[in-house]
Amino acid sequence: MSVMDEQIARLRAAAEARIGAAADGATLEAARVALLGRRSELTQLLRGVKDLPEAERRVAGDALNRLKTDLAAGLAERERGLALAARPAGAVDLTLPGAPPVPLGSLHPLLVVLEEICDIFHSMGFTREEGPDVELDYYNFTALNFPDDHPARDSQDTFYVSDAVCLRTQTSPAQVRVMERRTPPLSCIVPGRVYRNEATDASHASEFFQIEGFSVDRDVSLADLRATVQQFVDVFFGAGRKIRFRPHYFPFTEPSVEVDMACASCGGSGCAVCGRTGWLEIMGAGMIHPNVFAAAGYAPDAYTGYAFGLGIDRIAMLRWGVDDIRLFYENDLRFLHQFRGAW
Ligand code: PHE
């Protein structure tokens, strides 16, 4: 070891001891002046480097500068330690580096579609309501004009909690619940999860989502329903998509229809997406049955109204070309991440 090396090692040891012993800001500041100030031994040594023999200059300069950097870092570290020790218990340390980036989640694609659809109806004056997932058989069936022996009431189709209580199989029971506590005019949408006791496959799940919509006033007609659905389709799927009403049967609407929308994949000429029909079914609908008004406590001919129920899963599948409903419920992030930023 050269004389210079020994001197540096001694200086380093003494300086570290002094920094470590500084118990408050003032002693630490005094240490800084003594160790790095103009008159410090280190500064003197650095000044002398230029007078050293050429061969030693570079090595000595490097070593002294390294010591200087290390001591400055040691002083800063000690200063932080003293500040930390001095802060009141429980205080937040603002000098700590920020937290690592938190991975952001995103809305589930079904929720994206649900919110978008609700927004569209909201803009048409519909208000949002809720109904219970665990529902009385009365609201799910009886009040909706289902006869006692209707097959949907079979436990093969419906999950029963008890004789009188089931998991709702549709969002329609909310029609009666809302009408019981409000008087027309009213226009409501009710999004929610529904349950059916059936085997699952690419187009059936035992839990899925629906949005119920209904509008009741003195002279509401099927034409109002048609204009409302067309407006929804124009905004959600893009203007210019034709819709059509196909006669159907639901116990709680009369007349009842299924609503189809022209298939965008083939423009109506028929393809695999629409099963060669040129049309895609998007919802069930109809004029609210007088028996439903009666169950809600309305005078039978005081009002007219329409109702519709659309499957959110089906709408989401149509929008994004998803061909298996089960993908929405498996929570595979490789699937879900594709919808990041969709909302
Ligand atoms: N509740 C019906 C279903 O689940 C859909 C529907 C709602 C039909 C409102 C007509 C009126 O299939």
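E198 sits in the loop that runs between β4 (186–195) and β5 (207–217), where helices (H or I, at least four residues) and strands (E, at least two) are DSSP runs numbered from the N terminus. With a relative accessibility of 33%, E198 counts as partly exposed, because that class lies between buried, under 20% relative accessible area, and exposed, over 50% (1.4 Å probe, protein chains only). This is a predicted model, in which local features need pLDDT of at least 70 and side-chain atom pairs count only at pLDDT 80 or more, while totals for chains, interfaces and linings use all residues. Residues are numbered from 1 along each chain as its sequence is written, and side-chain values use heavy atoms, with hydrogens and water left out.

**Charged surface patches**

- E198 belongs to a negative surface patch that is formed together with D154, D157 and D201. Patches are made of residues with over 30% relative accessible area and no salt bridge, with like charges joined within 9 Å and nonpolar side chains (Val, Leu, Ile, Met, Phe, Trp, Tyr) within 5 Å.
- The accessible areas come from the Shrake-Rupley method with a 1.4 Å probe, and for residues only the protein chains shown count as cover.
- A positive surface patch is made up of R38, R39, R47 and K50. Of these residues, R38 is found in the loop between α2 (25–36) and α3 (41–48), and R38 is exposed, with a relative accessible area of 68%.

**Salt bridges**

- A search of the whole structure finds 18 salt bridges, a salt bridge being a side-chain nitrogen of Lys or Arg within 4 Å of a carboxyl oxygen of Asp or Glu.
- One of these pairs E115 with R128, whose side chains meet at 3.1 Å, N to O. The pair links distant parts of the chain, with E115 in helix α5 (residues 109–123) and R128 in strand β1 (residues 127–128), 13 residues apart.
- Both partners of that pair count as partly exposed, E115 having a relative accessible area of 22% and R128 a relative accessibility of 44%.

- The side chains of E258 and R246 meet in a salt bridge of 3.1 Å, N to O. Because E258 lies in strand β7 (residues 253–262) and R246 in strand β6 (residues 243–250), this pair ties together parts that are 12 residues apart in sequence.
- D260 also forms a salt bridge with R246, in which the closest N and O atoms are 2.8 Å apart. Since D260 lies in strand β7 and R246 in strand β6, this pair ties together parts that are 14 residues apart in sequence.
- Salt bridges that share partners join R244, R246, E258 and D260 into one network.
- R246, at 26% relative accessibility, counts as partly exposed.
- The side chains of D260 and R246 also make a polar contact, at 2.8 Å. A polar contact is a pair of N or O atoms within 3.5 Å; within protein, one must be able to donate a hydrogen and the other to accept it, and residues adjacent in sequence count only if both atoms are side-chain atoms.

**Positions separated along the chain**

- F232 is found in helix α8 (residues 222–237) and is buried, with a relative accessible area of 0%. Although F232 and M124 are 108 residues apart in sequence, they are 9.2 Å apart in space, C-alpha to C-alpha.
- G192 has its place in strand β4 and counts as buried, at 9% relative accessibility. G192 and E130 are 62 residues apart in sequence, and the distance between them in space is 7.4 Å, C-alpha to C-alpha.
- D148 is placed in the loop between α6 (137–140) and β3 (165–167) and counts as exposed, at 69% relative accessibility. The C-alpha atoms of D148 and I312, which are 164 residues apart along the chain, are separated by 29 Å.
- The side chain of D148 is joined to that of R153 by a polar contact of 3.4 Å.

Key
Lys and Arg count as positive and Asp and Glu as negative; His and the chain ends are not counted. The place of a charge is taken as NZ of Lys, CZ of Arg, CG of Asp or CD of Glu.
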